[in-house]
Amino acid sequence: MAILGIESSAHTLGVGIVENGKVLSNEKVMYEIGTTGIIPAKAADQHAGNIGTVIRAALSKANLKMGDIEGVGYTKGPGLGPCLRVGQLAARTISLENKIPIVTVNHAVAHIEATRHIANAKDPIVLYVSGGNSQILGIIDEPFRHYHVFGETFDIGVGNMLDGFAREAKLNPAWGSSVAKLAEGGKYIEMPYTVKGMDFTFTGLLTNAVRMLKAGVNSKDIAFSIQETSFAMLCEAAERALLLARKKEILLSGGVAQSKRLSEMMKMMGKSHGADVFVAPNDLNADNGAMIAIVAEKKLEHGMNDTLDRCDIDQKFRADKAEIKW
Ligand code: FE2
């Protein structure tokens, strides 16, 4: 089956084509965030202007015509309403015009499942870490097969915490890698460390880091310390979930999974429990259309087609609401 997937939940408009689990193309155009962050209406306007071009680019790269596509999937959420609408409308149009099935895809599940698929992981504990999200998940079967959220941030995502510090320290975007670079050679300073069971918070850490920065503490030492502290918090919570759920695999996914230090720490923790650690390749950590197509194909293979009237968007669509039949 050749399946086309559309991702448009935030600043990336991505279109990917997958056939029998193999990625044939994965094209994208990104909205420049600059220093203002994403302005949803502007990003959506740009996505709407580019959607035709990106779809054509994905088809051409895959060496296919629209007539060859047998199903279409799009990101239902979570994400920014105006941006999600662009993908939804494009997918509905493609489905109607070509009389092919359509499926909705959860953005977080797409990041995770694309990695599980590529890494051939069976039943991992997942650390999903990005700008807006920080969750620890694992598949459970009750009351339906889905990713149960074992733990999550009570306030901001770890990525937003690093970005917030980077903005204050006037580092260059992309902020996560700028913080990592600044942290090289830094010394550890004690920072607020907040883990409750398998949940955690990051705003105290950010407030403390910004206060230290304003007080003239070496920014290198602060960068090093917020990385070490936040990543240690994530490792502690993930370790608890791994042992509780008695799993033997850990999977890192989402934008912050690109951090070498985080995967190094997670591998140390995994090793001490005999668990394999998989890290998503960078092109799947960044938002993209292929991850949507991968999940769309799995859903179609399992008869999980959506009817057009159910093809809506949901800005707060949680991973634990999406059924995983495979
Ligand atoms: Fe994402």
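Predicted model: local features only at pLDDT ≥ 70, side-chain atom pairs only at ≥ 80, totals over all residues.
Colleague: How far apart are the end C-alpha atoms of helix 10 (residues 289-301)?

Modeller: Start from 1.5 Å a residue, which means that the 13 residues should span 18 Å. The value from the model agrees with that, as the end C-alpha atoms are apart by 18 Å.

Colleague: Which residue has a side-chain oxygen that reaches the backbone nitrogen of alanine 290 at the start of helix 10?

Modeller: The oxygen comes to within 3.1 Å of its backbone nitrogen, and it belongs to asparagine 288.

Colleague: And just after helix 10, what is the positive phi of glycine 303?

Modeller: Glycine 303 follows just after the helix. Its phi is positive, at about 65°.

Colleague: Let's move to helix 2 (residues 81-98): what does helix 2 reach from its first C-alpha to its last?

Modeller: Helix 2 has 18 residues, and at 1.5 Å a residue the expected value is 26 Å. The model is close to that expectation, with a reach of 26 Å.

Colleague: Which elements do the buried residues of helix 2 pack against?

Modeller: The buried residues here include Cys83, Leu84, Val86 and Ile94. Together, the buried residues of helix 2 pack against strand 1 (2-7), helix 1 (40-62), strand 4 (71-77) and strand 5 (102-106).

Colleague: Where does proline 143 lie?

Modeller: A cis peptide bond joins glutamate 142 to proline 143, with omega about -5°. As for its location, proline 143 is in the loop between strand 7 (134-140) and strand 8 (146-152).

Colleague: How are helix 4 and helix 7 arranged, roughly parallel or roughly antiparallel?

Modeller: The axes of helix 4 (residues 158-168) and helix 7 (residues 219-245) come within 11 Å and cross at roughly 175°. Angles over 145 degrees count as roughly antiparallel, so helix 4 and helix 7 are roughly antiparallel.

Colleague: Which residues of helix 4 make the contact with helix 7?

Modeller: On the helix 7 side, the residues include Ile222, Ala223, Ile226 and Phe231. On the helix 4 side, the contact is made by Val158, Met161, Leu162 and Phe165.

Colleague: What about arginine 116, buried or exposed?

Modeller: Arginine 116 is found in helix 3 (residues 107-119). Beyond four places in sequence, the residues it touches include Pro124, Tyr147, Leu251 and Trp326. Its relative accessible area is 8%, under the 20% cut-off, so arginine 116 is buried.

Colleague: Which residue's side chain makes a polar contact with the side chain of tyrosine 193?

Modeller: Tyrosine 193 lies in the loop between helix 5 (175-183) and strand 9 (195-196). Leaving aside neighbours within four places in sequence, tyrosine 193 is in contact with Thr229, Ala232, Met233 and Glu236. The polar contact, at 2.6 Å, is with the side chain of glutamate 236.

Colleague: One last thing: how many disulfides does the structure hold?

Modeller: Take cysteine 311, which is in no disulfide: the nearest cysteine sulfur, that of cysteine 83, is 19 Å away. A disulfide needs two cysteine sulfur atoms within 2.5 Å, so that distance rules out a pairing for cysteine 311. For the structure, the number of disulfides is 0.

Notes
Residues numbered from 1 in each chain as written. Heavy atoms only, no water. Helix = DSSP H or I, 4+ residues; strand = E, 2+ residues; numbered from the N terminus. Expected span 1.5 Å × (residues − 1). Polar contact = N/O pair within 3.5 Å; in protein donor to acceptor, adjacent residues only side chain to side chain. Axes fitted to C-alpha atoms, helices over the stretch in contact; angles between N-to-C directions. Parallel < 35°, antiparallel > 145°, perpendicular 65-115°, else oblique. Contact = heavy atoms within 4.5 Å. Buried < 20%, exposed > 50% of the residue type's maximum accessible area, 1.4 Å probe, protein only.
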